[in-house]
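Please consult the sequence and structure shown below while reading.

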Amino acid sequence: MLHMQGIRKQFEQTLVLRDVELTLNRGEILALLGPSGCGKSTLLRIIAGLEFADQGQLLLHGQPLNPIPIHRRNFGLMFQDWALFPHRNVGENIEFGLRMEGMAKAQRQQRVAEMLELVGLVGYQRRSVLELSGGERQRVALARSLAPRPQLLMLDEPLGSLDRTLRERLTEELRQIIKAAEVTAIYVTHDQNEAFVVADRLAVMNAGQIVQLATPQAIYQQPKTAFVARFLSLTNLLPIEQQTSLGPELQVVETNLGPFQIQSSQTNAAYLLIRPEAAQIATPASASVQGQVVERSFRGSYQRIDWRYQHGLLQLDVPSSYQLSQGQTLDLTFDAQQLSLVQSDH
Ligand SMILES: Nc1ncnc2c1ncn2[C@@H]1O[C@H](COP(=O)(O)OP(=O)(O)OP(=O)(O)O)[C@@H](O)[C@H]1O
């Protein structure tokens, strides 16, 4: 539906977007995920028409987007700092875009009722927005963006101002509402958990480039570069000392933790990624690696341990049912399914 080619943007001396390529499919929710300053908002603002690219093309349904004025694009926006109109009630806020379009009153009222139902606020129409909780306000803001049936909804850190617990609950709700409205959406966030919950596909950005574009599951299973792995809090990255291909899909890598056989077509990998859940408590018969628990923290169904071996330290998760204490010796094996090969960043 929306196709971006070779998008470049420079602010003074800084190149903020470098040859961004991205295709957004109809009905999907795509999250732009990346650290502060990587260019997410700039890319969104270019799509919205609030900023212009120095180079590159934006196509909407195969047609160039640039000549279409902002008000005729029919894009919805929901930004963290876009407050509701404080002196208008909930219904009037939701109705705002419909009035701008010149929609007749009866139709507007029907649409407002549909929107209140969609966001779970039936009966709130005449309430003042000043009386609402933070979560309710965000739902009104979402209803206001969705009311004019935008062909594309853009959300920039829409839950950024809410506390963590509320954010987690609302993220799931946001996804359900956007899906029920059958709208195509781009969702900007720097929070990987939010992106995982909300998105069909994720574009992970670093320094003005899209480093990886795939489903949340695929990115978690196979982060492409060390940057992506670290950004997802996957920090056990062991430099590969030597790699041998035993076939197109089978690699043997040497690391300071020992040799590992990995099902992968990735040649010339820089790191072996050990996901925290790869750790398995060794049985006396297994070929294990010796180590020691130096820290342990309880996380509910599992415990996170800092595990020191002869040449390094890993953060690993083991079931809470194991009685472990700080300083104790612990021999481990590693589940090959939870290991992957990762490229360097350059
Ligand atoms: N109008 C502007 N003039 C000059 N520099 C700008 C302008 N807008 C953005 N920048 C710079 O461009 C870079 C990317 O900014 P952008 O807001 O796109 O990043 P972001 O990934 O959305 O970050 P954040 O999550 O902090 O909003 C930053 O270094 C920012 O300072």
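## Terms and basis of the model

Two residues are in contact if their C-beta atoms, placed from the backbone, lie within 7 Å. The model is predicted: local features need pLDDT of at least 70, side-chain atom pairs count only at pLDDT 80 or more, and totals for chains, interfaces and linings use all residues. Residues are numbered from 1 along each chain as its sequence is written.

## Overall architecture

The protein chain contains 8 helices and 21 strands; these are DSSP runs numbered from the N terminus, with helices being H or I of at least four residues and strands E of at least two. Its C-alpha trace spans about 75 × 45 × 35 Å along the principal axes. Of its 346 residues, 34% count as buried. A residue is buried if 20 or more other C-beta atoms lie within 10 Å of its own, exposed if 12 or fewer, and partly exposed in between, with C-beta atoms placed from the backbone. Among contacts with a separation of 6 or more, 65% join residues 24 or more positions apart.

## Domains and their interface

The chain is divided into domain 1 (2-226) and domain 2 (227-342), with bounds that come from an automatic or database domain assignment. Their C-alpha centres lie 38 Å apart. At the interface, 12 residues of domain 1 are in contact with 13 residues of domain 2. On the domain 1 side, β9 (201-206), β10 (209-214) and α7 (216-221) each give two or more residues. By class, that side has 6 nonpolar, 5 polar and 1 charged residues. Here Ala, Val, Leu, Ile, Met, Phe, Trp, Tyr, Cys and Pro count as nonpolar, Asp, Glu, Lys and Arg as charged, and the others, Gly among them, as polar.

Ala143 is one of the buried residues of α4. Leaving out residues up to four places away in sequence, Ala143 touches Ile94, Met115, Leu116, Leu118 and Val119. The buried residues of α4 pack against β6 (75-79), α2 (90-101), α3 (105-118), β7 (152-156) and α5 (164-180).

## Two partly exposed serines

Ser245 lies in strand β12 (residues 242-247). Ser245 counts as partly exposed because 14 other C-beta atoms lie within 10 Å. Beyond its neighbours within four places in sequence, Ser245 is in contact with Gln251 and Thr267.

Ser288 is placed in the loop between β16 (279-281) and β17 (291-298). With 17 other C-beta atoms within 10 Å, Ser288 is partly exposed. Not counting residues up to four places away in sequence, Ser288 touches Ala282, Asp331, Leu332 and Thr333.
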